[in-house]
Amino acid sequence: MSMKRGTRILIFALLAMVAAGCTKQLLQSTYDKQETQIESFVEARLKEDEKATLTRNGGAYRVTLADSLSHADSLDYGGTVKLYWACFVMSGTSISASNLVATNMKELAQSAGWELTDNGQYELETLTLDDSLIEGLRLGLHGVKEGDECFILFSGKYGFGKMKQGTIPARSALVYYVWIDSYSN
């Protein structure tokens, strides 16, 4: 290998390392900004409703608006939960019909102006609290109880990551609004 070629390879390797470092730093900055927006959203909900409670589990925040109707037990990993849900892409510090991306609640879909073609998709959904769920939702649902009404929020780091999912942009912070019907462990 010639000295020139070796020097070029070294320069390209150094440039690649610098670019990777910049990309990591930019990504961390994005997630930090999302965390700040999430914290503002949470703070506003807690101020609006003095009965609301906050639970933080790993990278997920859960603001419980309506407490459980039943026993002290709660959903554990591996358990199943029946729920209605709405998923919003977080933009700024609020959510609205304009950033609703999916739901299984017919009334909410109608109020967002969605054309309803498949009424079968607007039914209680049963989820298993396992690795098949995105991390933020799995962490946020852990500990819910029957009758809970909650916001579950998490940054793109705990969502779909670099993968775009339908209308959800890659690395998006998400808010799930959930209504827990029942669960079993």
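Predicted model: local features only at pLDDT ≥ 70, side-chain atom pairs only at ≥ 80, totals over all residues.
Residues are numbered from 1 along each chain as its sequence is written, and side-chain values use heavy atoms, with hydrogens and water left out.

**Whole chain.** Show the chain as a cartoon. There are 3 helices and 7 strands, in the order α-β-β-β-β-α-β-α-β-β from the N terminus. Helices (H or I, at least four residues) and strands (E, at least two) are DSSP runs, numbered from the N terminus. Of the 185 residues, 36% count as buried; buried means under 20% relative accessible area, exposed over 50%, and partly exposed in between, with a 1.4 Å probe and protein chains only. Among contacts (heavy atoms within 4.5 Å) between residues at least 6 apart in sequence, 64% join residues at least 24 apart.

**Strand 7.** Select residues 174–184. Because 8 of the 11 residues of this strand are buried, strand 7 is largely enclosed by the rest of the structure. Two strands pair if DSSP finds at least two bridges between them. Strand 3 (residues 80–89) runs antiparallel to strand 7 and is joined to it by 10 bridges; find Ala86, which stands opposite Tyr177. Strand 6 (residues 149–154) is also antiparallel to strand 7, with 6 bridges, and here Glu149 has Trp179 as its bridge partner.

**Two cysteines.** Select Cys87, which counts as buried because its relative accessibility is 1%. Next select Cys150, buried at 0%. A disulfide is a covalent bond between the sulfur atoms of two cysteines.

**Arg62.** Go to strand 2 (residues 60–66), where Arg62 lies. Not counting residues up to four places away in sequence, Arg62 touches several residues, including Thr53, His142, Cys150 and Phe151. Arg62 is buried but has no salt bridge, that is, a side-chain nitrogen of Lys or Arg within 4 Å of a carboxyl oxygen of Asp or Glu. Lys and Arg count as positive and Asp and Glu as negative, while His and the chain ends are not counted. The nearest side chain of opposite charge to Arg62 is Asp148, 5.2 Å away.
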